[in-house]
Structures are given as structure tokens and as C-alpha cells.
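This report describes a model with protein chains and DNA strands. The sequence and structure come first, and the description follows.

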Protein chains: 2
Amino acid sequence: MPDTRDAGQAFRKQPLRGTSVRSRVISELRGRIISGELAPGTSLSEIVLSEAFGVSRTPVREALKQLQTEGLVNIRPRVGTFVSAPSRREITELFQMKELLEGAAARLLAQRGRVPELEELADNLARADAAVADGDQERYAELVHEFHDLVMRGADNAKLADHYRTLMNQLAYHRLVHTSLSQPGRPTRSESEHHHVLELVRAKDGDGAERVMREHVRASHRALMDSLDPQASPTAPRAAD
Amino acid sequence: MPDTRDAGQAFRKQPLRGTSVRSRVISELRGRIISGELAPGTSLSEIVLSEAFGVSRTPVREALKQLQTEGLVNIRPRVGTFVSAPSRREITELFQMKELLEGAAARLLAQRGRVPELEELADNLARADAAVADGDQERYAELVHEFHDLVMRGADNAKLADHYRTLMNQLAYHRLVHTSLSQPGRPTRSESEHHHVLELVRAKDGDGAERVMREHVRASHRALMDSLDPQASPTAPRAAD
DNA sequence: GTCGCGCTTGTTGCATACCAGTTATGAGGA
DNA sequence: TCCTCATAACTGGTATGCAACAAGCGCGAC
């Protein structure tokens, strides 16, 4: 959705072109929310933030406004601004959207034929295989993101990528993916599914690529829900609904 | 060509109590942009708008910021804010997204079984049939929106509806739909496609509903492009007035 | 005539002051 | 002890002033 200058943060940690104070505050807050450093429910007082950042209320206020439209915070007029957590239902809805968008991306990528992203995907899988073999979950989580981002980029549809980005921000996916990958055997299966997707993409099988990608997203959703169900997650705060 | 560069004329001050000034400004501007009243490229100066609305720059500024994240305006720092128009490529991308989201909505609606929206859709089609028979294009365009909104609402997925709404805003669809409906015979075919969709939804045929809905969106896209093709001039199309 | 420099004007970015609504709190009475 | 209500503290909402930057325009040099 946004064509703003700081919108690229969710995909890659770029050196932050926007030199404006507002962009800096937005990126900083978004990063802390997505990473979980700022837990859901945390109060984000304009005055406190402005003092913490050493700027005035105005850019902080504008940053919070934008984060609200991105779905990351909830502004209650005259009451306060709080980090928002998706409810159980919202998470399900978000995963339905994720399945939809990523499936479409896989199809589009397959239909495009030979593009540079295919090589990058192959390289990504090679590195991811190594990470799984090493049991390096941290690194594998990073490569999972890279894989999905590459598919999205390879779809060559800016609007699709925009919607996907806002979606992932709302999911705070970086925080969640570790949870789902903690399921025993999940990394291995996940990686296998990635291979399958790329295989079908290379075969220019759009239907198959979309189908397998969607199944992959559903599987990851299930893995996440299984991890979340037994009221586990010792540190992660609950969604208040 | 008519120069509509200046937007600051005669904004009437609606009371609209109970809501913040910012919300009022956002709604007003958004409405004028998607209706085409504010043509693409029009300059939206903060100071001019604030005087026109009789408020200070702050809420105007915040409104413009939000409209930027919605993709309706383009803010060039220290230069100015301008109503943005989607490029040809963006329109294609947006229709790809429209096809995707509406197809998914049709599928979800079909899978839900009996819901109140089905009755509303039937009622909508009855009224739309009458509008087509009367040749009342204005009224039919309105009912087309209602149809698609009903399908979206019936899908019962708030996130899907959110993304759809921003999508339609970016498309300025209200402006475009008149153009595509001006194609001879298009209203009749469009209405027939709507009937087909509802038929499959009632039959709980999710696959079929999605497929037909996607074909319907593609057809409407083609109709629009055919209408747009002869006149390569980017100046404001007069179809709406 | 043409190019380039500098000023002037217009725009937003940021800071600050004031305003109004919400909420917590505590004193007082039943 | 509990409830009521007034009040104060805190919040975001709005207004306004200043500063920095972009760009157009005119003047002067070549």
C-alpha cells in the first residue's frame, strides 16, 4: 500500500534512506514492535517517546499515526497509544491472506520463466539446507524469510509485494516464525516444502506452484498453532481479546 | 486543456460532529480524490487546504500523510503534495490483486453456506437487473459496487476486506467503473456474470465461484482497457461527469 | 544569444504552546 | 464498608511559529 520512503524496512535492513526524523522514528518503532522488543499492550506515550528519541512530539505523533494504519499500534483518542497484538481470529485471517498472496506470487513467478530470482532461490535453499543440517534455527529462520521475500520479489508485482509487506508486519512474523520452527521436525519439513515449490516453479507449473505454496503456508500455520495451543510461550504476551 | 491545478476552492464546511477534524479532512479528501473531483496531479497545499477547511495545518497534514500510505497522494518533501494517478502498469497490477482478492472472497462466501448476505445479493441482482433494463448506468454502477462489497462482506474476513478497500481506493474504482460500463453491452454481460457467481455460491461450489469471479474481474479489466485504449490522452476523462 | 549564479518565493519538517476529553483517585457521606 | 462525585493528572488533538530546503526567475557575465 504505501509508497513511502521507509516502507522497505520489512524486507531488508537497508541503510535507511529517509533522513527525516519521522522516518527514523517509524523504522525504529516498527522494528522494536515486530521483533517483540515492545510487547503487545505496551503503552507508547507521545511525550515519553519524544523524550526518548530526543525529538519533539510532532514526528513521534506522525510515526504513531502511520504505524496505526499499518496495524501495529492502536491509538485510543485521549487515552493512549498501545502496541497491538492480533487476536487469535486475526492471526487466522492473516494466515489466510498470507496463503493467498504467497500462492499467487508463486504462480506469477512460475509463469515468468527464467528470472534472476530463480538462481537466488536455489542459492537460498542450499544455504538453508546447511542451516537445517547444522541445527542452526536462528539462521534458518532468517533464510525462510529470504525465501519468501525472494518469491514475492520474483512475482514482479509491486502492489502484491506492498500488501504482503503490511501483512507480515501485522503478523509480527519475525516473532512468530521462531515459534513454529520450534516444533520438532518442522524445519526439515519446511525446507522440503520450499524445495518442492522451487521445483514446480522451475517447471513453469503455475498451478502446482501455487497449490504447493499454499499447502506450505497452511502447514506453517498449523505448526504455529500447535506451538501456541498448549498455552506455551513463556515470554510471549497473550493476545487480549 | 482544463487546468485544475488549484484545489482550494469552496470546500463547504460540513458539521459532522462527533468525529475528529482529522477524520473529517481525510474522508472529505479521499472522497474527492476517488470520485475524480480532484484530478490526478492536483496540488494539495497544506496551507491552502487548511484555509479551505477552516482548520489548522496539523490535521490537514496528518490527513495527507494517511492518504499517502493509502496510495492516493504523493508527498514530495519540501516540494508539495499531489494527487497521484496509477500508471498503466499499476492499474494492471491492481486488477491482478482485485481478481485475487475477489476470487478468494467468492470462494470463502461459498464455503460459508447460508448467510444473510446471500439474500442481500439476490436483492441486489434484482435491482441491478432493473437498472440494466432501464439503461440507468449511474444506478447500475452503484449496484455493481454494492455487489462486490456484499461478496467481500460475506467472506467474513476483516483483513481481506481491509486490503480490498485500500486496493479499491488506489484504483479510484468509482471513477473507472463508469468507463468500463460505457462499453456497449458490457452492463448486460457484467450482470450475467454476477448472476453466475451467485449461482455457484448458492451451490456451495467454492472452486467454481472463485473461477467465475476471477473471470468476471478479468472481463471488467479488459472492458476498461478497451475503453481507455483509443484515447491515449491522460487528461481527465469526462466519462464520470 | 546563452549559460550560470544567486535571490526570492513557496513548500513542508519540526518544535512548542494551548485545548479538550478520559480516567484514576480520594474525600466525604450514607 | 461501600458508593458517589468532584477533581486533578495525564492523554492525545489542535493551533501556530520558525527554520530548512526546493525550485523558479531574473540578472549579469561570457
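Read from the N terminus, the elements of chain A follow the order α-α-α-β-β-α-α-α-α-α-α-α, a total of 10 helices and 2 strands. Helices (H or I, at least four residues) and strands (E, at least two) are DSSP runs, numbered from the N terminus. The model is predicted: local features need pLDDT of at least 70, side-chain atom pairs count only at pLDDT 80 or more, and totals for chains, interfaces and linings use all residues. Residues are numbered from 1 along each chain as its sequence is written, while chains are lettered from A and ligands numbered from 1 in the order in which they are written.

**Confidence**

pLDDT is the predictor's confidence in each residue, from 0 to 100. Chain A has a mean pLDDT of 87, with 87% of its residues at 70 or more. Residues 1-17 of chain A stay under 50 in pLDDT, and the model has 33 contacts for them beyond four places in sequence. The pLDDT is also below 50 over residues 231-241 of chain A, a stretch with 15 contacts in the model beyond near neighbours in sequence. Two residues are in contact if their C-beta atoms, placed from the backbone, lie within 7 Å.

**Fold and domains of chain A**

Of the 241 residues in chain A, 41% are buried. A residue is buried if 20 or more other C-beta atoms lie within 10 Å of its own, exposed if 12 or fewer, and partly exposed in between, with C-beta atoms placed from the backbone. Among the contacts in chain A between residues at least 6 apart in sequence, 72% join residues at least 24 apart.

The domain assignment divides chain A into domain 1 (8-83) and domain 2 (88-228); such bounds come from an automatic or database domain assignment. The centres of the two domains of chain A, taken over C-alpha atoms, are separated by 27 Å. Between them, 10 residues of domain 1 of chain A are in contact with 9 residues of domain 2 of chain A. The side of domain 1 that touches domain 2 in chain A consists of 5 nonpolar, 3 polar and 2 charged residues. Here Ala, Val, Leu, Ile, Met, Phe, Trp, Tyr, Cys and Pro count as nonpolar, Asp, Glu, Lys and Arg as charged, and the others, Gly among them, as polar.

For DNA strand C, two or more residues come from each of helix H1 (21-35) and helix H3 (57-69) of chain A and helix H2 (46-53) and strand S2 (80-83) of chain B. For DNA strand D, at least two residues each come from helix H2 (46-53) and strand S2 (80-83) of chain A and from helix H1 (21-34) and helix H3 (57-69) of chain B. The surface near DNA strand C has 7 nonpolar, 6 polar and 5 charged residues. Near DNA strand D, the classes are 7 nonpolar, 6 polar and 5 charged.

**The two copies and their contact**

Chain A superposes on chain B by a rotation of 180 degrees with 0.0 Å of shift along its axis, at an RMSD of 0.1 Å. The two copies are therefore related as by a two-fold rotation axis. The superposition is by least squares on the C-alpha atoms of residues with pLDDT of at least 70 in both copies.

The contact takes 22 residues from chain A and 22 residues from chain B. On the side of chain A that touches chain B, H3, helix H4 (88-112) and helix H7 (158-171) of chain A give two or more residues each. H4(A) has the largest share of this side, 7 residues. By class, this side of chain A has 9 nonpolar, 7 polar and 6 charged residues.

**Individual sites**

In helix H8 (residues 173-181) of chain B, the buried residues are Tyr173(B), Leu176(B), Val177(B), His178(B), Ser180(B) and Leu181(B). The buried residues of H8(B) pack against helix H6 (137-154), helix H7 (158-171), helix H9 (186-202) and helix H10 (206-228) of chain B.

Arg114(B) lies in the loop between helix H4 (88-112) and helix H5 (116-134) of chain B. Arg114(B) counts as exposed because it has 9 C-beta neighbours inside 10 Å. Ser45(A) is in the loop between H1 and H2 of chain A, and counts as partly exposed because it has 15 C-beta neighbours inside 10 Å.
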